[in-house]
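Me: I've just opened this one and I'm new to it. Can you walk me through what's what, and how we know?

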Amino acid sequence: MKKIQIKTLGDLKKSGYQSKTIKDELRENLISNIKEKKTTFEGIHGYEHTVIPELERAILSKHNINLLGLRGQAKTRLARMMIILLDEYIPYVEGSEINDDPLKPISRYAVELIKEKGDDTPIAWIHRSERFVEKLATPDVTVADIIGDVDPIKAANLKLSYADDRVIHYGMIPRANRCIFVINELPDLQARIQVALFNILQEGDIQIRGFKLRLPLDMQFVFTANPEDYTNRGSIVTPLKDRIGSQILTHYPNTTEIAKTITNQESRLDDRQKSTIYVPELAKDLIEQISFEARESEFIDVKSGVSARMSITAFENLLSTSERRALISGDESTTVRLSDFIGVIPAITGKVELVYEGEQEGADFVAQNLLDNAIKTLFPKYFPKIEKLQKQDEETPYDDLISWFFNGDGFELLDDYDDVTYQSKLDEVKPLDSLIADYQPDIDPKDVYFEKEFILWGLVQFKKLSKYRYSEGLQFQDPYGSYISGL
């Protein structure tokens, strides 16, 4: 770039370069994007009419921002994507610890260097990717880490007294001058550390070990916080909240379609899994519905939230379960089965915070309960609803299927069946074919067997059939079969 060829302050002045604050940069580039209909926050789904407009308004207002929301709501990703709105390169005084603007120096080093060398002062350029600093708030963070401290070694080497401000070692915030500075999990930051931020956010000066330095730092602060932390681990002190211009509430996806888009985008799948495993759309819906059920479950702490990462890892586990089964059975390619969902349970148990009742039941029970509820919720969207109360002798679309189980000895689906055996076993249950033909006539042929199994699982949830899980697989029977057979 032409600008990067400029190496001295004199050349910078001749180029007509104009200084602007980081918040002006963000504002001007956002205005340009809006006018040109460019998408600034690419890959963020479900926030188009809620979070993103609020975030853009905060940037236009030149506010420091607090993103408040439960786990897995893309708070940190939104903050990281703000670097797109920075100018590609900006100049700074070469050798400056705090990225001094050559036209508006603030550090003693830069002021004295420019005073000494004038227009020959060397300058360098910094790319926008280097203008993002992130700090996770942890209990061990100190004022020295983020603001600075007196450096006795520097004092000794330069033979300076502790009264000289040149003995100061700058912390993360001064070194991030002219950058976006993100503090994640702000309530975890000790109250005394939060107090140290007051002057930086409002007055622009910092205080280090008795030094009051008037350093008008040019910063864009973005904080992230989880509402749960306000009671569990700490809080944001009121004067600090008062200095944060905009607090923006994030949220989970409102629909399964948005959730599926996020999961598909974020899942880290192997190329072999993508090419050899077919995933029916209903299977993707079930993965997302599990998360929706979890957010409503009586066994799960709603204040803790259920991260979008649960759906992502559950989807990855689902495909790995199908892949492992195909490797064992020798199938070159396969289709996800509903019985493969047993493999998503470990992805669920590690992602949810259980209340007392959930702890009593156990994490595995809660995970299985979420899957059962997801099937029960989606079933009426694909097949006729099963009423809780039905008149005696009233005919239903499922009578032939239930009779098939009453007149037989049950039906087994083993986990390690190859695809041919799996399909032939489901084909034995003839009433499933008529249900598919009557209520899903336009179904993709590749989805047929998944939906056949889905019907069986659905009837179990509505107490029309019984299901028993044992080490090798599943057994389906009539509602009373398990008692008769002693299972």
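This is a predicted model: local features need pLDDT of at least 70, side-chain atom pairs count only at pLDDT 80 or more; totals for chains, interfaces and linings use all residues.

Me: Which residues have the most contacts inside the largest nonpolar core?

Reply: Those are Phe-341, Leu-401, Phe-454, Leu-456 and Phe-476, in a core of 64 residues. Apart from that core lies another of 32 residues, including Ile-146 and Phe-223.

Me: Why are β4 and β11 said to stand at the edges?

Reply: The open sheet of 5 strands runs β4-β7-β10-β1-β11, with parallel pairing. β4 (132-136) and β11 (246-249) each have a single partner strand, so one side of each has no neighbour in the sheet.

Me: How do you know that β1 and β10 pair?

Reply: Pairing takes at least two bridges. β1 (residues 65-68) and β10 (residues 220-225) have 4, in the parallel sense, so by that cut-off they pair. For one of the partners, look at Leu-68, which is bridged to Ala-225 in β10.

Me: And what makes β15 and β16 a pair?

Reply: The cut-off is again at least two bridges, and 5 bridges join β15 to β16 (residues 473-477), so they pair. These two run antiparallel, with Arg-469 opposite Leu-474 in β16. They belong to an open sheet of 3 strands in the order β14-β16-β15.

Conventions. Residues are numbered from 1 along each chain as its sequence is written. Side-chain values use heavy atoms; hydrogens and water are left out. A nonpolar core is a set of buried Ala, Val, Leu, Ile, Met, Phe, Trp, Tyr and Cys residues joined through side-chain atoms within 4.5 Å. Buried means under 20% relative accessible area, exposed over 50%, partly exposed in between (1.4 Å probe, protein chains only).
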